[in-house]
Amino acid sequence: MNQFESRVGPDGAQKMLVWYYSRRFTYHTEAQWHDLLALGHITLNGSVVVQDCQLALNDGIAFSPPPFIEPPADLKYSIIYEDQWILGINKPGNLLVHRNGRSVTHNLIYQLTKGNNRTFPEAGLIHRLDRETSGVIVVAKQNQYLASFSELFLQGTVDKEYVAIVKNELDASPFRVDAPLGPDRTSAIPYKHAVDYEEGKPSCTEFVRIRNLAHNRSFVFARPHTGRTHQIRVHAASCGHPICGDRLYSLSDDEYRATEGKPHELDGMSRQALHCKSLTFTHPFLKSKLTISAMIPADMQSLLE
């Protein structure tokens, strides 16, 4: 059985056990932590506790999660670039980059740090891709290199090129979407975003048509000049060209909720047809320009053909 151990630091001393767990490990609510405590899933200094209690500095606590089945994921990622500082990963289209909810081991960072293949114990995310977005993601091999590479993304000096298959045909003229983005205040889905001219953060994406496809679809390049959550997806949908397979930005909230967590297909795709084709940046240690590229995956290629 997996057991997740922790030692109480100064921030947790004199705090209640459930308070500590619910603030530090937010994948369960406070009420859920109370239930797990009552069921005997938490130990304090090696002994099972079933009632909330006050913690002391250096207390050892451990959580043994009840048996559960993790959501399915595509764990067939590949390393497409490596040097002494970073890994370039080609992420498949159904893989979280870090732990979320019940995906304890079915995520990229767990697989890199503790998986059955070649492992990198200190691997850390420099940036992120959505679960259903495939393509290039860069990971630091050791924590000491994270800041140098993260700064490139924060400064906007990384040239990001995506390809996507979108609904509706486009003309040949490139176009640019300058529209601020923020949480969708009209939606009950907490992680949904939208164009928000009042409170949104400045966001810009360029789109270039590669070619029009059958079934009233288009194959496009997308170059985000900012790095907002769901940026390409929201900008594409906002101008009448939602990405094929993107349920969150193609369906109503009720329709999306009805398909959430279930196998699905929309527009010929079981996920959003969005792929990070390449990242180009000046390597902070090698001091030379580096491009890491990933081939278009088979599911998108099938739709193109």
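Two strands pair if DSSP finds at least two bridges between them; helices (H or I, at least four residues) and strands (E, at least two) are DSSP runs, numbered from the N terminus. The legends below describe a predicted model, in which local features need pLDDT of at least 70, side-chain atom pairs count only at pLDDT 80 or more, and totals for chains, interfaces and linings use all residues. Residues are numbered from 1 along each chain as its sequence is written, and side-chain values use heavy atoms, with hydrogens and water left out.

View A. Four bridges link strand 1 to strand 4 in the antiparallel sense, and Ser6 is placed opposite Ile61 of strand 4. Within helix 1 (residues 17-24), Leu17, Val18, Tyr20, Tyr21 and Ser22 are buried, where buried means under 20% relative accessible area, exposed over 50% and partly exposed in between (1.4 Å probe, protein chains only). The cover over these buried residues includes strand 1 (4-7), helix 2 (30-38), strand 2 (42-44) and strand 4 (60-63), contact being heavy atoms within 4.5 Å.

**View B. The largest nonpolar core around Ile165.** A nonpolar core is a set of buried Ala, Val, Leu, Ile, Met, Phe, Trp, Tyr and Cys residues joined through side-chain atoms within 4.5 Å. The largest such core holds 55 residues, of which Ile86, Ile89, Leu112, Phe149, Ile165, Ile243 and Phe281 touch the most other members. Apart from it lies another core, of 15 residues, including Leu17, Cys53, Leu55 and Ile61. Leaving aside residues up to four places away in sequence, the contacts of Ile165 include Leu213, Phe219, Ile243, Met300 and Leu304.

**View C. Strand 8 and its partners.** Seven of the seven residues of strand 8 (residues 134-140) are buried, so this strand is largely enclosed by the rest of the structure. Strand 6 runs antiparallel to strand 8 and is joined to it by six bridges; Ile86 has Ala140 as its bridge partner. Strand 7 (residues 124-125) is also antiparallel to strand 8, with two bridges, and Gly124 has Ala140 as its bridge partner. Strand 15 (residues 274-282) pairs with strand 8 in the parallel sense over two bridges, with Gly135 opposite Cys276.

View D. Six of the eight residues of helix 5 (residues 231-238) are buried, so the helix is largely enclosed by the rest of the structure. The buried residues are Gln231, Ile232, Arg233, Val234, His235 and Ala236. Just after helix 5, Gly240 adopts a positive phi of about 85°.

**View E. The loop residue Ser103.** Ser103 belongs to the loop between strand 6 (86-91) and helix 3. Its relative accessibility is 2%, so Ser103 counts as buried. Not counting residues up to four places away in sequence, Ser103 touches Glu70, Pro71, Leu96 and Arg131. From Ser103 to Arg209 the separation is 106 residues in sequence and 36 Å in space, C-alpha to C-alpha.
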